Amino acid sequence: MLFPLESAIRADAKTVAESDDYDIVIVGSGVSGAIIAKQAAEAGKRVLVLEAGTGANTTLAGYDNLLTTFYSAASKDNQSPFPLNANAAIPRSPQLRKLQAGETDSSNYIVQSGPYVSDTTYTRIFGGTTMHWEAKTPRLLRSDFKTRTLFGQGLDWPLSFEEVEEDYRLAEREIGVSANVEDQQYLGQTFPDDYVFPMRGLPLSYLDQQVNKGIEGTSVELYDKTYPLKVRPYPQGRNGIPNPAYDGGKGYRPIGAVDTHQVEEGGRCQGNTNCVPLCPVQARYHSGKTLAKAFAVSGERGEGLVELLPQAVASKVNIDPDNGKVRSLEVKIYKDPASPAHETITVKGKVFVLAAGAIETARLMLASGLRSTSGLVGRNLMDHAYLLNWALMPEICGTMRGTSSTGGIVDLRDGPFRERQAAFAIDIHNDGWGWATGAPTSDLLELVDDRNLYGADLRRGMIDRVSRQLLLAFMIEVMPVESNRITVDPQYTDALGNMRPILSFTVPEYTMKGAAYGRQFARTIFTRLGAQDHTRYDPSDFGYVAYEGQGYAIRGGNHLAGTHIMGTTRTNSVVDKNQRSWDHENLYLVGGGSMPTIGTANVTLTLAAMCFRSGRNILKSLH
Amino acid sequence: MDSYSIKTLDELKEFLFRAMQLEHATIPPYLTALYSIKPGVNQDATQVLRVIVVEEMLHLTIAANILNAIGGKLDLVRPDFVASYPAALPDGETDFKVGIQAFGREALAAFLKIERPARRPEHLIGKGLIYRKTPPGITALGSHPRHEDFHFYSIGEFYSTIEEGIKYLEAEAHGAGTTIFTGDRSRQITSEYYYSGGGELFPVTDLKSALEAIELIIEQGEGDGGGIYDDDDHELAHYYRFEELVKGRYYQKGDQPGHPTGPHLQVDWEGAYPIKENLKVADIFEGSELREAAIAFNTRYGEFLQLLTRAYNGQPSLLLEAVPMMFEFRNMILELIRNPLPKHPGKNGSPTYEIPGGIKQPAVTRQAEVNA
C-alpha cells in the first residue's frame with residue numbers, strides 16, 4: 001500500500017518524555033541502531049529510536065523528494081540529496097578550504113583544526129550514512145584482527161575473526177549481500193563449504209573487464225615478494241539475483257524498504273551509477289529496510305514495539321553518580337528544521353545505545369563530560385585515506401555503466417609488507433573521473449570553453465572523453481593514533497547550542513608510505529593498460545599532504561572508526577568486546593567507533609556484524 | 001458443463017494465450033498515461049500507475065508460467081498478440097473501450113472500468129456468454145476461441161473458465177493415470193529472475209500452483225471477495241488504487257469500498273501533456289521526425305516482445321536484458337509525448353503500439369550472447 005507506514009509508529013515528544021518503560025533507547029537510525037532495534041523488538045522489548053533528522057524519508061514520497069533534490073542540485077556531492085538542516089547539520093565537502101599551519105576553520109559544521117583537512121562525511125538523517133553509502137561489503141581479513149601481533153602496527157582486536165564470522169553471516173543476510181564465494185576466496189579468506197551469499201555476485205563492468213585484460217597475468221614486487229594482479233568483483237549490499245541455494249536451499253528473498261509497498265521494497269540494481277549519493281530504486285541497502293521490519297513487529301497487545309522519535313537531537317547523557325549507570329538522556333526536540341526553536345525533554349530507559357556514528361557518538365560523550373577511565377573517547381579517529389589516480393584508456397570502455405564500483409585490484413590488501421607500509425585496496429570507479437575532477441561537468445566546460453566544440457563534434461567529444469575515463473581509487477589503511485581525534489569546545493556550538501565536533505588529524509607516515517607506493521603502482525598499471533595518466537595533485541587542495549618531496553591529495557573515505565575503541569580492559573579501551581562501556585554498565589557505544597583497526601575493508605559490514613553481538617549481549621543484560 | 005467450457009488441452013492453451021494477450025493489453029494504456037504526466041506534478045498518481053504497470057507485467061509472466069506448465073508454446077510476436085487500440089475488453093458491455101491517452105479524468109474513468117470488480121447484474125446471471133458483435137478492426141480481448149463474437153462478462157469470469165478448464169482436464173488426465181502439467185520446468189520464471197515486480201513469482205508445476213497463480217492475478221486486479229485488499233491484506237487492489245486518485249484520498253485498513261479515510265492526496269488533472277488519443281503512424285505527417293520516432297519505438301517494442309518470447313521459452317535470464325530496454329522505452333515515449341504533433345495544433349505525439357510482424361532477435365541479445 002502507498003499509505004505511509006510511519007503514522008503508526010512515530011512517537012510524540014510528550015508521550016516519550018512521560019514514558020518510563022522503554023527497555024532500550026537508541027540514538028541514531030543508521031545500520032547499527034536499526035539492527036539492535038530489530039533484534040530487540042523480535043525478543044519482545046520496547047525500543048525507542050531517536051533520530052536527529054526530520055524522518056521525512058521514512059515514506060516513499062519523502063525518499064523520492066531526496067532524489068528530486070539530488071537531481072536538481074548543481075553540486076553532486078554525496079550529501080546533495082539531503083536538505084539543509086542546521087539543527088542536525090552534516091559536513092559537506094565542497095565548502096572546505098586548505099588550512100595554514102596552526103589555523104582552525106570553524107565555518108563548517110565540523111571544526112577543522114588540522115593540519116590535514118578531511119572531507120570525510122556522514123549523514124544525520126533517517127537511515128544514517130546508509131542513505132549515501134556505496135555499499136561495498138568486504139569483510140576484514142583474518143590478519144586485520146591482529147595487526148599488532150603480526151606486523152607490530154596498530155592494535156589487536158579483543159576478538160578473533162573466528163569469533164566474528166557467524167555475525168558476518170548475519171550481517172550479510174541483513175544487508176542482502178550480492179557476491180560469489182569463489183570470488184572472495186583470496187588472501188586467506190575462507191568460507192564454510194556450503195556457504196553462499198544471499199544473492200549472486202553482480203557482474204564486473206565492461207571497464208573492469210578491460211582493465212583486467214590489461215593486467216591479468218602480470219604482477220608487482222614489493223619487498224621481494226611477488227603479488228599477482230587481477231580485477232576481482234566486490235561483494236555489494238545491493239539487490240542482484242537471489243541465490244536459490246541460500247539458507248540450505250530455501251533461497252533468499254529481498255525484502256524491506258521505506259515503504260511497505262512490494263514494488264518499493266527495493267528494486268534490482270539497474271546500474272544507475274549514482275549509487276552515491278542515492279539509489280533511485282532502493283536496490284542499494286539502507287537501514288530503513290531493517291527498520292521497516294523492526295516497526296512491523298508487534299507486542300502481545302498488537303502494539304508496535306519500536307517507536308521512532310524524529311527531530312530529536314540527543315544532547316546530554318546523564319549519569320547516576322552513585323552507580324555510574326546512565327539515568328537518562330537529555331534530548332532537544334525542534335519543531336522545524338528552519339528554526340532553532342526547541343524544547344528539551346528527558347528520556348528514560350533501561351539500556352542506552354549510542355549509535356550515532358563514530359564522530360557524533362564521541363561528540364555526545366565528550367559534550368556530556370564523559371571522558372572514560374582510559375581517556376580514549378574521541379581518540380584514535382580513523383578513516384581510510386583515499387588517493388585518486390586517473391587516466392584515459394586507449395579505447396572506449398563504457399565508463400558510466402554499472403554501479404559506482406563493481407570491481408577492484410585487492411591483492412595488496414595483505415602481505416608481510418604491512419610491517420613497513422599500509423596495505424590498500426583499489427576501487428575501479430565506473431563513474432569516471434567525477435570524484436577527482438568533477439567530470440563530466442568539467443569535461444563539458446573544457447570542450448566548450450577551451451576547444452570551442454559544439455553540435456555533433458561536442459557530442460562526439462564528450463563520448464570519446466567520458467567513456468574512456470578510468471579512476472583508480474586507492475583505499476589506504478590508516479592505523480589508530482591517539483592524537484588523531486575528535487574533541488569539543490564550548491566556543492563552537494550549533495544552532496541548538498550543542499557543541500560541534502572538532503577534528504584534528506595527521507595522515508600517519510605508515511599510510512603516506514602506502515600512498516607513495518600506491519602512486520607508483522598506479523603509474524605501472526596505467527603503463528600496462530596503455531592509458532594516459534592525467535593525475536595532478538594541486539598544492540592548494542585542502543587535502544594536500546607532502547611526503548618525501550612529493551605532494552598527494554588525500555581524500556577522506558567516510559569510513560569513520562576508532563573514537564570509542566574496543567579492547568580488553570578499561571584502561572586500554574572505551575568499550576568491551578560487546579561494545580558495552582567499561583564505565584557505565586547500561587551504556588553501549590556501537591558502530592565504527594568501536595573498531596580497533598579498519599584494514600582495507602569498508603567498515604559497514606563489520607560494524608553491522610558487531611551490532612548483532614551487542615544486541616545479544618543487551619538482551620542478556622535485560623533478563 | 002455448458003458448451004463454452006474448456007474441453008481440450010489445445011483449447012486451454014489458446015485460452016491462456018488470450019489471457020497473456022489480455023494482461024499485456026493494459027500495459028500500453030497505463031504506461032502511456034504514466035509517462036504523459038509532466039515532471040514535478042502528480043507524484044501520487046505516478047506511483048499508483050507505476051505500481052500497477054509492474055503488476056500487470058507480473059500477471060503476464062504468471063500467465064506465461066501456467067501456459068508453459070501445460071507444455072504450451074508462447075509467442076508474443078504472433079500478429080494478433082498486441083491489441084489494436086482502442087480495444088474492447090471482455091466486460092460484457094459496450095460502454096467503453098481501452099485506448100491510448102494522456103493521464104486525466106477520462107483516462108482514469110477508463111482505467112476504473114478496466115479494473116472494476118465485475119459481478120453480473122441480476123438479469124444476466126446464468127445467461128452464459130455475452131453476445132457482442134465486434135466491429136471490424138477492433139481487437140476483442142477475452143473472447144471465446146470457438147465463439148469469437150461471444151464474450152465473458154468480466155476478466156474474473158474469463159479466468160474462472162480457465163480455472164474450471166484446468167481442473168476438468170487435470171481430473172480427466174488423472175483418471176487416465178497422467179497429468180496435463182508436462183511442461184519443461186526450466187521454462188518457469190521464478191523469483192530468481194523476477195522479484196520486486198509486484199509480487200512473488202513461483203513455479204507452476206501442478207494443479208495447486210496453477211490455481212494459486214490464477215487467484216493471484218484475479219485478487220491483485222479486483223480485490224478479494226469484494227474487499228479492497230488482496231487476500232493477505234497486504235495490497236490494495238488496482239481498482240481501489242485508481243479510486244484513491246479520483247477521490248483524492250488514500251484508503252487505509254478497515255475502510256469500506258468507496259470510502260477511503262486515509263490521508264489526502266493531490267492530483268493535478270491538468271498536469272499531463274496533451275497527447276492525441278489512439279494515434280496511428282498513418283496520422284503522423286510523413287517525413288516528420290515524430291513519425292520516425294513513432295516507427296522506431298514500435299520496432300523496438302516488437303524486439304522487446306521477441307526478447308520476452310525467448311525468455312519465456314526457456315531462457316529466463318534474458319529477462320535481465322529487458323530492464324535496460326524498458327529504460328529505452330521511457331526515453332522513446334517521452335520523446336514522442338513531449339513534442340507537438342505536426343498539423344494537429346495543441347496536440348502532442350504518442351506511441352502508437354502498432355507492432356510490426358516478423359521481428360527478429362533484438363541487437364542487444366546478440367551482443368549479450370557474444371559476451372557470454
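Analyst: Helices (H or I, at least four residues) and strands (E, at least two) are DSSP runs, numbered from the N terminus. This is a predicted model, where local features need pLDDT of at least 70, side-chain atom pairs count only at pLDDT 80 or more, and totals for chains, interfaces and linings use all residues. Residues are numbered from 1 along each chain as its sequence is written, chains are lettered from A and ligands numbered from 1 in the order in which they are written, and side-chain values use heavy atoms, with hydrogens and water left out.

User: Over how many bridges do strand E14 and E15(A) pair?

Analyst: Strand E14 of chain A covers residues 424–429, and its pairing with E15(A) is antiparallel. Within that pairing, A:His429 sits opposite A:Leu471. The count for E14 and E15(A) is 6 bridges.

User: Why is strand E15 of chain A largely enclosed by the rest of the structure?

Analyst: Buried means under 20% relative accessible area, exposed over 50%, partly exposed in between (1.4 Å probe, protein chains only). Both faces of E15(A) are covered, with A:Leu471 and A:Met475 among the buried residues on one side and A:Leu470 and A:Ile476 among those on the other. Strand E15 (residues 469–476) is largely enclosed because its buried residues number 8 of the 8.

User: What is the order of strands in the open sheet of chain A?

Analyst: This one has 3 strands with antiparallel pairing. The edge strands, each pairing on one side only, are E8 (312–319) and E10 (342–348). Strand E9 (residues 326–334) pairs with E10(A) over 7 bridges, and A:Leu329 stands opposite A:Val347 there. The order is E8-E9-E10.

User: How many residues apart are A:Asp144 and A:Arg418?

Analyst: Their side chains meet in a salt bridge, N to O at 2.6 Å; the term asks for a side-chain nitrogen of Lys or Arg within 4 Å of a carboxyl oxygen of Asp or Glu. A:Asp144 is buried at a relative accessible area of 0%, and A:Arg418 is buried at 0% as well. A:Asp144 lies in the loop between strand E3 and helix H5 of chain A, and A:Arg418 in the loop between E13 and E14, which puts them 274 residues apart.

User: Is A:Lys577, in its salt bridge with A:Glu163, buried or partly exposed?

Analyst: The closest N and O atoms of A:Lys577 and A:Glu163 are 3.9 Å apart. The pair links parts of the chain 414 residues apart, with A:Glu163 in helix H6 of chain A. A:Glu163 is at 36% relative accessibility and counts as partly exposed. At 34%, A:Lys577 counts as partly exposed.

Methods:
Two strands pair if DSSP finds at least two bridges between them.
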